[in-house]
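Dear colleague,

I am passing on the model we discussed, and I would be grateful if you could look through it alongside the notes below.

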Amino acid sequence: MERVQSALIEKLHGSVPFYTPRYQAHMLWDVVIPGAVGYMTAMLYNQNNVATEASPATSQMEYEVGQQLCRMMGFDGDNAWGHITADGTIANLEAMWAARNIKYLPMAVKEALEQEAQLSKAKNVEVELCGKVKKRLVDCSAWELLNVPEEFALGLGSDVCQAAGIPTEQFNDILATYQVQNKGLMYYARKYPEMKLPKLFVPASCHYSWPKSATVLGLGKDCVEGIPLDDQCRMNNVLLTERVKACAAEQIPILMVVGVVGTTEEGAVDEISGIVNLRENCQNVEHDAPAIAFHVHCDAAWGGYLRTMMIAPKALRSAGESFVPALPMSQYGQRQYASIAQADTVTVDPHKAGFIPYPAGSLCYRNGDLRTMITFDASYIYSAPGAGMGTYGLEGSKPGAAAAAVWAAHQAIPLDQSGYGRLLGECAFSTKRYYCQWATLSDPAQDDFEIRMLVKLPNSLRGADYKLLAQNPQEVRDYIKAHIIGRTNEEISQDKDAMFVLSELGTDVLINTFLVNFKVNGQWNRDLAKLNEFNTKIFGKFSISDPATAEADKVDYVLMKTDLDAGTYAKPLEDALGAWGVQAGEGQTVSCLVNTIMNPWTTANGFLEKISDIFKAGIEDCVKEMA
């Protein structure tokens, strides 16, 4: 065993060094000690959270952390329910699965009322439609049935049971015959030929799990429609509203609208407040909104834990030696994170910004009853009443160690501003400092390269009391150079205007995305292919691509590259490419560089300045190679 272990360790030397502050590529960092200890300890017991008979202790832990995550996202702990999944992809698929099943539930109940003699006394049961209009369920059209607000669809079962005078268990057995999870979508398409396939709206920057999930559920990739982005890399809610109105006019049902809380390539937070307001207006038929109902899901796999930055602590803790101030969330961010509480489901990944060992995703339900839409069990699996976690969701066998890791971390690190909120607030501060560093790294008048941020510098700046600090782009750069660049963390933290400016600059969640261009004979390169080649060359200098590179420890700084579709990102790319005279059209991609900050101490003790010098020298070497 010693020989095998030695060989294993030797191979693992070729792993990516996520633990070092020099690594700023993907959403990875060292795991927190409580999470690692919790995972390793529980792993030795090898519990299977598919049922309480295989995991009495860790199933209880999973329930506890599920409720903690629900409360962290602002849900009512008494009504909400959450659980651990393998990752965000599984959680997103589960949310879509639940949304699909509840969308078609009123159709199933109507057919059961029409066909089953045991339910004859319930034929006069009414359902509340959009606009607070009540109508007998059996008299509703297919379009009306597809637009019953979720809260009323979930209450149909109890209404029918009460009217029919039968117990819930008996009704569930009757209804199962007619539900979409048994009949399949093809059955409904044949029974209601006028019914059109549903739409699912996501930001154009969405995670690939969404089209994948639509394919798995038989809805088809084409039902997922990406809404174009605004210049902040967020879903354009004006265009979303237009598409919702168009669907209502054409009687195309909307399964769900997804708002992303922390996109994986830009760190953007969609306008969740606008999405939930749109849903409420549609359901109430107010403010010129059409009568149409849809599920709202927040994909907060990456950014969910940042909500702890808004939760007041129960006790304060000491600051430690390497001082990095915790940056308050931007005013925009606070509004969006507060609005998550009105979403129907939320995906949150503890193994991302929760710093938990893989695998640990999660899904939270605002109304825990919605999970009954995806319930499956087996006769040989037993859980104590109300205690089983494996009955719900896609997975069967699942490691109890994952739940134990999250549980241990939450016990040691509070889910508020004194724990995770402080840790992530420090990461946010460091992210914004890197944003300022990259945005002002070169002097375009003297240097042969320039960095432009995907989320551009604002045209003006205001301070903590809203006084005007800078009123044009040059003054903005001058302010950043004078009040942020070159100053210590302590000095910046004492400057309330500088702290406010930092909180409002850049992207929303711990990521900086940018482009670098170079000069040719004193003029900016205008060739897109050369621009992509240049950024790819920089990436090659600052990346780990194979075990030999990692083991040799020859890379001084590690970041990430992404290729953005020029059509999808037309608005965000407009400023950078336009300033250089670079043209990029539909079907073309633009190579960008990304640095992700999950280590809160990357600006302490002069580290930022050191990395900045290394990065600038590397860019200048690449400029020479392009000559």
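This is a predicted model: local features need pLDDT of at least 70, side-chain atom pairs count only at pLDDT 80 or more; totals for chains, interfaces and linings use all residues.

I begin with the backbone. Most residues other than glycine have a negative phi, and most peptide bonds are trans. His287, in the loop between helix H13 (272-284) and strand E7 (295-300), has a positive phi, near 55°, and this residue is exposed, with a relative accessible area of 68%. Leu510, which lies in the loop between helix H19 (496-504) and strand E13 (511-520), likewise has a positive phi, near 50°, but Leu510 is buried, with a relative accessible area of 3%, where buried means under 20%. A cis peptide bond, with omega about -5°, links Tyr358 to Pro359, and Pro359 belongs to the loop between strand E8 (345-348) and strand E9 (361-365).

Strands E8 and E9 also take part in an open sheet of seven strands, whose order is E1-E9-E8-E7-E6-E4-E5 and whose pairing is mixed. Strand E1 (81-85) and strand E5 (224-227) stand at its edges, and because each has a single partner strand, one side of each is left without a neighbour in the sheet. From one strand to the next, the twist averages 20°. Within this sheet, strand E4 (residues 199-203) and strand E6 (residues 254-260) run parallel and are joined by three bridges; Phe201 has Val257 in E6 as its bridge partner.

Note on methods
Residues are numbered from 1 along each chain as its sequence is written. Side-chain values use heavy atoms; hydrogens and water are left out. Helices (H or I, at least four residues) and strands (E, at least two) are DSSP runs, numbered from the N terminus. Buried means under 20% relative accessible area, exposed over 50%, partly exposed in between (1.4 Å probe, protein chains only). Two strands pair if DSSP finds at least two bridges between them. Axes are lines fitted to C-alpha atoms, for helices over the stretch in contact, and angles run from 0 to 180 degrees between N-to-C directions.
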